[in-house]
Amino acid sequence: MILLAETTMPSYEPVRAIQRGLAVLRAISEHGPVTIADLVIRCSCPQPTVVRLLETLIAEGYVYRQAGKSTYLVTGRTLALGRGFDSKSLLLQIAAPIIDQMHIQTGWPSNLAVFDRDAMVILCSNRASLGLSLPGRTGARIPLTTTGVGLVTLAFMPEEERKTALSRARETGGRWNSDPRMAPRLAAKLAQIRRDGYAFADEEYLEAVYQSRIWAVAFPIMTRDGKVPAAISSLVLTVAGERRRLLQSILPSLRKAAVSIRDRLVADGQ
């Protein structure tokens, strides 16, 4: 079984400046190149604050301004921040070739994501093959309650674990985690996902993030004891055709890939 590192509750209130600095760095990494105006919107920070944070990140060598432009990107130094994370974990080694093979079979790219306290983290993605500039790169944290991988993970969590995850997500904030409209319909949605065995990303989320250019369907990678260490999704262009017809080929491939990853993990003693 794959275990995520445990963390303890903080003894003090979080440092707001560090939280904002990390939010700016994350936004540039996931959505760059971006302007100051983009960051003001994405990070919900005043422009003077964003400017100060940018200047600090530039001084520390993590961000640079593109020559002759008013846009910003991260530098190679940001790679050092991930050295403590095992990007060549057993899950990734097993899943990556299976996901690539599924892409060849279906023609549609996929994300592999793992649950991390209050969000899903994209561990592997070949979404660039869509030929579109889509947010959400490897290492990105994406919402639990609106993404296909998040919803299918929540659906098959033990109840107490699910309550804790949702509570943490609300405390973290963000548009989707704290939207009061989501909570009343979430229980029914999760029940439907348990019946179906798969989940679709929320339509409002897809409209806001992707302008409804894509839809996504996700399947859990479930161990024999019912745990969901990861989830896998397929991303499909909306203009590709009628969803029901496309699902006839996508769902069997998605299910087969999830089972193959699960079986390989079991064979390796996880």
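Start at the ring of Phe 200. Arg 243 lies over its face, 4.9 Å from the ring centre. The test for a charge over a ring is NZ of Lys or CZ of Arg within 6 Å of the ring centre and within 35 degrees of the ring normal.

Before I go on, the ground rules. This is a predicted model, where local features need pLDDT of at least 70, side-chain atom pairs count only at pLDDT 80 or more, and totals for chains, interfaces and linings use all residues. Residues are numbered from 1 along each chain as its sequence is written, and side-chain values use heavy atoms, with hydrogens and water left out.

Back to the rings. A pair of aromatic rings is described by the distance of the centres and the angle of the planes. Rings of Phe, Tyr and Trp (its six-membered ring) pair if their centres lie within 6.5 Å; planes under 30 degrees apart are stacked, over 60 edge-to-face, and the rest tilted. By that rule the structure holds three aromatic pairs. Why is the pair of Tyr 198 and Phe 200 edge-to-face? Because the ring centres are 5.7 Å apart and the planes stand at 90°. Tyr 205 and Tyr 210 make another edge-to-face pair, with 6.4 Å centre to centre and 85° between the planes. Tyr 198, Phe 200 and Trp 215 form one aromatic cluster.

Now accessibility. Buried is under 20% relative accessible area, exposed is over 50%, and partly exposed is in between (1.4 Å probe, protein chains only). Tyr 198 is buried at 18%. Phe 200 is partly exposed at 27%. Tyr 205 is buried at 7%, and Tyr 210 is buried, also at 7%. Across the chain, buried residues make up 44% of the 270 residues.

Next, Thr 238. It sits in the loop between strand S8 (230-237) and helix H9 (243-267). Helices (H or I, at least four residues) and strands (E, at least two) are DSSP runs, numbered from the N terminus. The chain has nine helices and eight strands. Thr 238 is partly exposed, at 38%. What does Thr 238 touch, leaving out residues up to four places away in sequence? Ser 212, Arg 213, Ile 214 and Trp 215. Contact means heavy atoms within 4.5 Å. Ser 212 is 26 residues from Thr 238 along the chain, yet their C-alpha atoms are separated by 7.1 Å. For the whole chain, take contacts between residues at least 6 apart in sequence: 57% join residues at least 24 apart.

On to helix packing. H1 (residues 16-31) and H3 (residues 47-59) pack at about 75°, axes 10 Å apart. Axes are lines fitted to C-alpha atoms, for helices over the stretch in contact, and angles run from 0 to 180 degrees between N-to-C directions. On the H1 side, the contact includes Val 24, Leu 25 and Ile 28; on the H3 side, Leu 53, Leu 54 and Leu 57 are among the residues.

Last, backbone. Arg 117 has a positive phi of about 65° and is not a glycine. Its place is the loop between strand S3 (110-116) and strand S4 (119-125). Gln 211 has a positive phi of about 55°, and is not a glycine either. Gln 211 is in the loop between helix H8 (203-210) and strand S7 (214-221).
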